[in-house]
Amino acid sequence: MRRAAHRVIAQSLLRRNLPPPPLSAAAASAQRTIPTAAASDFTASSLSRRWLFPLPAAPSRSVPFGLAGALSFSLTLVTAAEAKEPPAPELIPKDVVLYQYEACPFCNKVKAFLDYHDIPYKVVEVNPLSKKEIKWSDYKKVPILVVDGEQLTESSDIIKNLSHRFRPENSIIDEEEAKWLKWVDDHLVHTLSPNIYRTTSEALESFDYISKNGNFSTTEKFAVKYAGAAIMYMVSKKLKKKYNITDERAALYEAAQTWTTALDGRDFLGGSKPNLADLAVFGVLRPIRYLKAGKEMVENTKIGEWYERMEIAIGESARIAA
Ligand SMILES: N[C@@H](CCC(=O)N[C@@H](CS)C(=O)NCC(=O)O)C(=O)O
């Protein structure tokens with residue numbers, strides 16, 4: 001019954017403009033913040049580490065008309081608002097800053113937590129080449145989350161830490177949740193790059209997004225798009241070998257099926273509400289969802305319904321201006 005309601009709400013949501021798709025906000029911010037880079041900086045190693053995960057814009061949604069539209073509109077708003085789990089007001093931190101790459105799956109995992117719990121946060125887009133924005137830190141990767149002056153690193157540790165701080169009554173991680181959190185880091189993330197850079201055209205699709213949304217001069221845009229796509233196409237073949245993947249799409253579909261099987265008929269792994277594993281899976285899939293690989297994953301597996309429920313549960317981004 002609840003699943004059916006979710007489906008109706010998901011479908012109605014997908015037909016309209018509210019709430020704004022999280023990816024659109026992400027795209028806008030990427031446009032402002034992806035840094036300029038010299039063409040000579042596009043080495044295989046820097047690209048392979050830094051631009052594995054482009055974040056394309058979600059498809060545009062049309063606005064429906066009539067009474068049915070109005071009814072489902074209010075139902076959507078109520079359900080999306082109720083689905084969030086904000087912390088008790090006294091627990092909300094004064095200042096949360098996320099140092100990130102917009103398209104990084106680990107950063108999106110942290111954002112999924114913050115958005116779902118409605119914890120306002122600022123974003124500092126890190127220049128992947130100079131990393132000057134995180135010069136102050138000894139840690140040289142993203143995400144870095146600074147909560148009221150305290151630095152947190154490692155995406156899974158960050159969301160566990162946040163869960164402990166912001167939902168203390170609900171922060172014990174059960175065995176199942178822990179198992180799937182680990183599965184995201186040990187398995188799921190490794191299926192992504194081989195898929196989004198699988199063919200030259202898919203690599204170009206990915207880098208088209210990066211070059212269009214980055215803060216690049218016209219020449220640099222061109223260099224990023226074509227050099228990046230060529231390098232990552234080759235790197236993705238190495239990653240395939242490294243992680244023993246023979247057919248990258250099959251590996252992605254299998255991972256998606258494994259996840260939906262783990263749901264075992266529940267709306268979320270957490271039951272009626274997402275738990276940390278739901279947020280982690282959603283976060284790392286979000287950057288690829290509207291690329292060819294992500295679309296085919298949804299078409300060829302049953303993960304789409306859960307993904308839609310997650311989009312609704314997470315709702316609008318809690319990001320605020322830096
Ligand atoms: N285990 C870390 C992985 C973080 C990570 O590898 N981030 C990538 C970006 S997707 C990175 O910063 N790579 C180093 C670089 O850009 O030089 C986590 O879960 O946070």
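Reader: Which residues does Asp278 touch, leaving out those up to four places away in sequence?
Author: Phe268, Leu269, Gly270 and Met310. Keep in mind that this is a predicted model.

Reader: Where does Asp278 sit?
Author: In helix 12, which covers residues 276-285.

Reader: Is Asp278 buried or exposed, and why?
Author: Asp278 is buried, because 27 C-beta neighbours lie inside 10 Å and the cut-off for buried is 20 or more.

Reader: And Leu263? How far is that from Asp278?
Author: Their C-alpha atoms are separated by 9.6 Å.

Reader: Switching topic. What's the strand order in the four-stranded sheet?
Author: The order is 2-1-3-4. The sheet is open, and its pairing is mixed.

Reader: Which strands are at the edges?
Author: Strand 2 (122-125) and strand 4 (150-153). Each of them pairs on one side only.

Reader: What about the twist?
Author: From one strand to the next, the twist averages 20 degrees.

Reader: In which sense do strand 1 and strand 2 pair, parallel or antiparallel?
Author: Parallel, over four bridges. Strand 1 spans residues 96-100.

Reader: Which residue of strand 2 stands opposite Val97?
Author: Lys122.

Reader: Which strands does helix 5 touch?
Author: Helix 5 (residues 105-116) packs on the sheet and touches strand 1 and strand 3 (144-147).

Reader: What angle does helix 5 make with strand 1?
Author: The direction of helix 5 makes about 155 degrees with that of strand 1.

Definitions and conventions: Residues are numbered from 1 along each chain as its sequence is written. This is a predicted model: local features need pLDDT of at least 70, side-chain atom pairs count only at pLDDT 80 or more; totals for chains, interfaces and linings use all residues. Helices (H or I, at least four residues) and strands (E, at least two) are DSSP runs, numbered from the N terminus. A residue is buried if 20 or more other C-beta atoms lie within 10 Å of its own, exposed if 12 or fewer, and partly exposed in between; C-beta atoms are placed from the backbone. Two residues are in contact if their C-beta atoms, placed from the backbone, lie within 7 Å. Two strands pair if DSSP finds at least two bridges between them. Axes are lines fitted to C-alpha atoms, for helices over the stretch in contact, and angles run from 0 to 180 degrees between N-to-C directions.
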